[in-house]
Amino acid sequence: MAEERVRSEMTGKVWKIIASVGDEVSDGDEIMILESMKMEIPVMVDTDGTIKEFLVGEGDEVTEDQEIAVLEV
Amino acid sequence: MSFDAILDDYEKRREHALAMGGPERVARIKARGSLHARERIDYLFDEGTFIESGLFATSFIPEAQASTPTDGKVCGYGRINGREAAAVSHDLSVKGASSSLTNVKKMRHMRETAVRNGMPLVLLNESSGARIPDTMGAVGTGALGQDPEQFVRRREVPYAAAVLGPAYGTACWFTQLSDFVAMRKGGVLAVSSPKVTEIAIKEKVDPEELGGWKMQSEITGKVDYATDTDEEALDLIKKFLSYLPSHHNERPPEGAVPAGSDDAARKILDIVPAERQKVYDMRKVIAALSDKDSVFEVKPRFARAATTALARINGRTVGYVCSNPLFKAGALDPDACDKVTSFLVLCDSFNVPLIFLTDTPGFLIGLAGEVKKAPGRIMNFMTAMQLCTVPKVSIVMRKSYGQAYLNMAGTRNADEMLAWPSADIGFMDPNVAVNVVYGVTYEQDRELFAKHLKEVTEASSAYDLASIYSSQFVIDPRETRQVIARLLEVHNRDRTGGISKHQLGNWPTTF
């Protein structure tokens, strides 16, 4: 099984993690919500897979392009 | 020689040319699951309309003439859904469809004929690059460059390209010059092949990494769509062209209005949340405002904070320029600026009226953007927008701040400026503005923050904008489609027959 890294598309703060490790996800599914530019920004996966690990926790600051989760695809 | 003998010889020569690079080479192309050059032509054009130009062209080198039927590029004219077009279909089975002195002449003739007669040029690209030994030495290379207009885009006619395999050299250049690009997955779009790259600079690079579909559709944005098959890529070209006029001196063709096209627009409030911190997908708004199933997104995988799309409203082609809150909150980054600029150039060149839908916290600020020349890209976008002379209708839906308000055709930059009653307009997001202007955060002092927030948000409503006539309309969101349709009837540009001034006609194709 290959791994795919999910990256943050913008600088912000992790507001909520809405999926769990082990969840099966499909292209377009939301796994996390960031707070940035005073808005709630969903993080969507762009491939089908299973969530292996979250690399950040709620409240963490993230920067653009930072790896924030790992999928098994 | 009798006519029978002459015609017998003619038929043999014709069969030889039509056989391309021979059964083995053609079979290799078929084995990888793609169409060959002639099948692509058959698929592209309406049945029985193709007339071939240069069937008997070959390499200028005598020893290579027998092995270079059509000199590796099948060219000619046909009709696409009843409308004339010129096409160049690279034939990989003949010397890798490499570019030579003869087939470059063929390409030139296709381009000149398309421009002179006002019909789109379709480029089915797949080529190993310049042919060796033809272009070797001063005599070979110096013989090139006979056409001082070869790479000049004035956008008199649309160029639409497909990348259907390796596309290096001329195939790559003409892809770059095109208004629309569909790419079959597995194709490679690059200056030079991985093999040449490795030899020349000792860089071992994977073809997908060098110029594969993911890179070209998501990072460079040169490719609009990636497809699994040749047929899908050709269908996309046909669809793209269906929105545009055949040349820059006519209006886009009108389409039929499907029944039920007004229904979705009335439910637009089901898509857009009233709370400004909540996101939604602007593509759903575009679909709701447009004629049923008429939306054709351009560069959907690239710079998604901006959405650009061709569509129809009451049968008329329009171009949407939108911020999309679903991605980066709709904050426009440098790539989004490039995406919008190239779309503005397309629409203005081919007389497509523009609809701006704005819901943005502004341009994305920060180091990442500055490194990517954000200020210059914002000004490119602004300059291009101000040079557009097609009708422009601009609508602020929930918020629009700062320079982004102007870039999205704010105030007099549009023929008509509209706002939903939910719109908030100002120099920056009010919550941020309180921090910046007064140095107070919500966490530090909620009461003081609320006081300053009230001050900052004063006079920032749709009605305030309308009171100084910087917007001409405040509209019920559910009436947006009807109002746009009506305003496009008013701003019909009858004096010029709907033809723009084409001030962006020779804007660079990549910047």
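How many residues of chain A are in contact with chain B, and how many residues of chain B take part? In this predicted model, eleven residues of chain A touch 14 residues of chain B. On the chain A side, strand E5 (residues 39-44) supplies the largest share, with four residues. Sorted by class, that side of chain A consists of five nonpolar, two polar and four charged residues.

Four strands of chain A form an open sheet in the order E5-E4-E2-E7, paired in the antiparallel sense. E5 and strand E7 (61-62) of chain A each have a single partner strand, so they are the edges, and one side of each has no neighbour in the sheet. At the E7 end, strand E2 (residues 12-17) of chain A runs antiparallel to E7(A), and two bridges join them.

Chain A has another open sheet to explore. Its four strands follow the order E1-E8-E6-E3, again with antiparallel pairing. Here the edge strands are E1 (3-7) and E3 (24-25) of chain A, each pairing on one side only. Phe54(A) is a handy landmark, standing opposite Ala69(A) in E8(A).

Now let us move to chain B and begin with strand E13 (residues 392-401). Ten of its ten residues are buried, so the rest of the structure largely encloses this strand. What are its partners? E12(B) runs parallel to E13(B), with six bridges between them, and Thr360(B) stands opposite Ser400(B) in E13(B). Strand E14 (residues 416-419) of chain B also pairs with E13(B) in the parallel sense, over four bridges. In that pairing, Ile395(B) has Leu418(B) in E14(B) as its bridge partner.

E12(B) also leads us to a helix. Helix H11 (residues 282-289) of chain B has six buried residues out of eight, so it too is largely enclosed by the rest of the structure. The buried ones are Met282(B), Val285(B), Ile286(B), Ala287(B), Ala288(B) and Leu289(B). What do they pack against? Their neighbours are strand E10 (306-313), strand E11 (316-323), strand E12 (354-360) and helix H19 (480-490) of chain B.

Our last stop is a pair of helices in chain B. Two packed helices are described by the angle between their axes and the distance between the axes. For helix H16 (residues 430-438) and helix H17 (residues 446-457) of chain B, the angle is about 110 degrees and the axes are 9 Å apart. H16(B) and H17(B) are therefore roughly perpendicular to each other. On the H16(B) side, Pro430(B), Ala433(B), Val434(B), Val437(B) and Tyr438(B) meet Phe449(B), His452(B), Leu453(B), Val456(B) and Thr457(B) of H17(B). By class, this contact has eight nonpolar, two polar and no charged residues.

After H17(B) comes Ala459(B), with a positive phi near 60 degrees.

Methods: Residues numbered from 1 in each chain as written. Chains lettered and ligands numbered in written order. Predicted model: local features only at pLDDT ≥ 70, side-chain atom pairs only at ≥ 80, totals over all residues. Contact = placed C-beta atoms within 7 Å. Nonpolar A, V, L, I, M, F, W, Y, C, P; charged D, E, K, R; others polar. Axes fitted to C-alpha atoms, helices over the stretch in contact; angles between N-to-C directions. Parallel < 35°, antiparallel > 145°, perpendicular 65-115°, else oblique. Pairing = 2+ DSSP bridges. Buried ≥ 20, exposed ≤ 12 C-beta atoms within 10 Å, placed from the backbone.
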